There are 2 protein chains.
Amino acid sequence: MFSGAQISLYPMCDDFVGVILKAISAMDSYRPNFRIETDDISTLIVGPPEQLFPAMRDLFASAAASGVHCVLSATVSRGCPGEPDDPICTPISGSSHELSLAERIGAARAHVDSAKKLGQEVAAQFSLYPLGEGHHMDEIYGCIDFLKTSGVFDRSKNFCTKLRGDAGPVFATLSEAFLRFGAPQGHVALDFTVSANSPSPC
Amino acid sequence: MFSGAQISLYPMCDDFVGVILKAISAMDSYRPNFRIETDDISTLIVGPPEQLFPAMRDLFASAAASGVHCVLSATVSRGCPGEPDDPICTPISGSSHELSLAERIGAARAHVDSAKKLGQEVAAQFSLYPLGEGHHMDEIYGCIDFLKTSGVFDRSKNFCTKLRGDAGPVFATLSEAFLRFGAPQGHVALDFTVSANSPSPC
């Protein structure tokens, strides 16, 4: 298994470099678990699949606390057949993929219910791509069933689903969508965008 | 067939609203062909698949001409089984999917060779997701063969491919990757990020 994310943080202000550099320290506690590489477009983090969204949540919440309109955008992937297995990506808490689709929906909901609130309102949208197997729409529709009862479901849009709420349960919902749907050892990708402090009306 | 994109433009400056509003006029000539809807995260454009990337190119080039560090990020999709067929999405120039993989690679290369240069340097990265059929990695590897001879190939990264060069051939390369690979009537999604005027070293 190989799991990780390409992440980009966009603070919409003249001092975007300062906001990014300050926010990066929020990831310090995750660094021992990750391999991290940065270039001019994105930062790669490779590590345990269930640590990816908590790390991105803390990075984004730190940037959003500046009050500036900020967006974080990421491509998250697990099980890509083009990538080698990597021991750093071993799940810390094990997998729950032996469960039925209905049981996985219930487990995902329980994880979101227990997510700590951060006091930071966000809007997010994402697309889930379970690749390389015949029933990809079954897993997507199962995931949508979970999302609708997550407490942060906003609405379905073309090509993606929109969430809204506190950053804690919103990132927990994204993490559960990524971890629990799609084939257990299959190739699953998830692209998401999360926004805070937008001046646009919802 | 249903085709379209959810697009977001991020100018990294205090006057991000002004840069966005000014750039939007670059899409005026495409408006008669598209259905367009905007919310606080992204703008949906639905229309002919071969018009999607030219419209996004002109929007982004207009914003980048401000000199501000700008990023455009989009989720592009065709053939999603969850979306209705829509006459507005009929390809203007027909499809070339009856061709073999090798012939499609050659045709894609010819289109990129003829792309007009805009004088705007950009870096881009993208992930191609051919969904719901068994040989998705064959189409991805075929697409990578095309990319490596596109003239704007930069390097392979984890989960994505990076391009660099003039905005004209870079957007043409993204468009060809989207149009010519994956099953003809299949569900294909492509997520990409394009960046200009970055202060970061490459």
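Author: Let us begin with buried area, which is the accessible area (1.4 Å probe) that two parts lose on being put together, summed over both. The size of an interface is often given as the accessible area lost when the parts come together. This is a predicted model, in which local features need pLDDT of at least 70 and side-chain atom pairs count only at pLDDT 80 or more, while totals for chains, interfaces and linings use all residues. Residues are numbered from 1 along each chain as its sequence is written, chains are lettered from A and ligands numbered from 1 in the order in which they are written, and side-chain values use heavy atoms, with hydrogens and water left out.

Reader: What is the area buried between chain A and chain B?

Author: About 4200 Å² is buried between the two chains, and carbon and sulfur atoms give 62% of this area. Asp40(A), Ile41(A) and Phe159(A) supply 19% of the area that chain A buries against chain B, more than any other three residues. In terms of contact (heavy atoms within 4.5 Å), 54 residues come from chain A and 54 residues from chain B.

Reader: Which element gives the largest share of the side of chain A that touches chain B?

Author: Elements are DSSP runs numbered from the N terminus: helices (H or I) have at least four residues and strands (E) at least two. The elements that give two or more residues to this side of chain A include strand E1 (3–11), helix H1 (16–24), strand E5 (121–131) and helix H4 (136–148). The largest share, 7 residues, comes from E5(A). By class, this side of chain A divides into 25 nonpolar, 19 polar and 10 charged residues. Here Ala, Val, Leu, Ile, Met, Phe, Trp, Tyr, Cys and Pro count as nonpolar, Asp, Glu, Lys and Arg as charged, and the others, Gly among them, as polar.

Reader: Is Arg155(A) buried, partly exposed or exposed?

Author: Buried means under 20% relative accessible area, exposed over 50%, and partly exposed in between (1.4 Å probe, protein chains only). Arg155(A) is partly exposed because its relative accessible area is 36%. Arg155(A) lies in strand E6 of chain A. Apart from neighbours within four places in sequence, Arg155(A) contacts Thr161(A), Lys162(A) and Asp39(B).

Reader: Which side chain meets that of Arg155(A) in a salt bridge?

Author: The side chain of Asp39(B) does so, at 2.9 Å from N to O. This pair crosses between chains, with Asp39(B) in the loop between strand E2 (35–38) and strand E3 (43–46) of chain B. Asp39(B) counts as buried because its relative accessibility is 12%. In another salt bridge, the side chains of Lys157(B) and Asp39(A) meet at 2.8 Å, N to O, and both residues are buried. A network of salt bridges links Asp39(A), Asp40(A), Asp154(B), Arg155(B), Lys157(B), Lys162(B) and Arg164(B).

Reader: What separates Glu176(A) and Arg180(A) in helix H5 of chain A?

Author: Glu176(A) and Arg180(A) are separated by about one helical turn because they are 4 residues apart in helix H5 (residues 167–180). They form a salt bridge, the closest N and O atoms being 2.2 Å apart. Glu176(A) is buried at a relative accessible area of 5%, and Arg180(A) is buried at 9%.

Reader: Which residues does UniProt list for "binding site"?

Author: UniProt positions are given in the numbering used here, feature names are shortened, and annotations may be inferred rather than shown by experiment. The unreviewed UniProt entry lists Leu9(A) and Thr43(A). They span 35 residues in sequence, yet no two of their C-alpha atoms are more than 9.1 Å apart, so they gather at one spot. Leu9(A) is found in strand E1 of chain A, and Thr43(A) in strand E3.

How values were computed: Salt bridge = Lys/Arg side-chain N within 4 Å of Asp/Glu carboxyl O.
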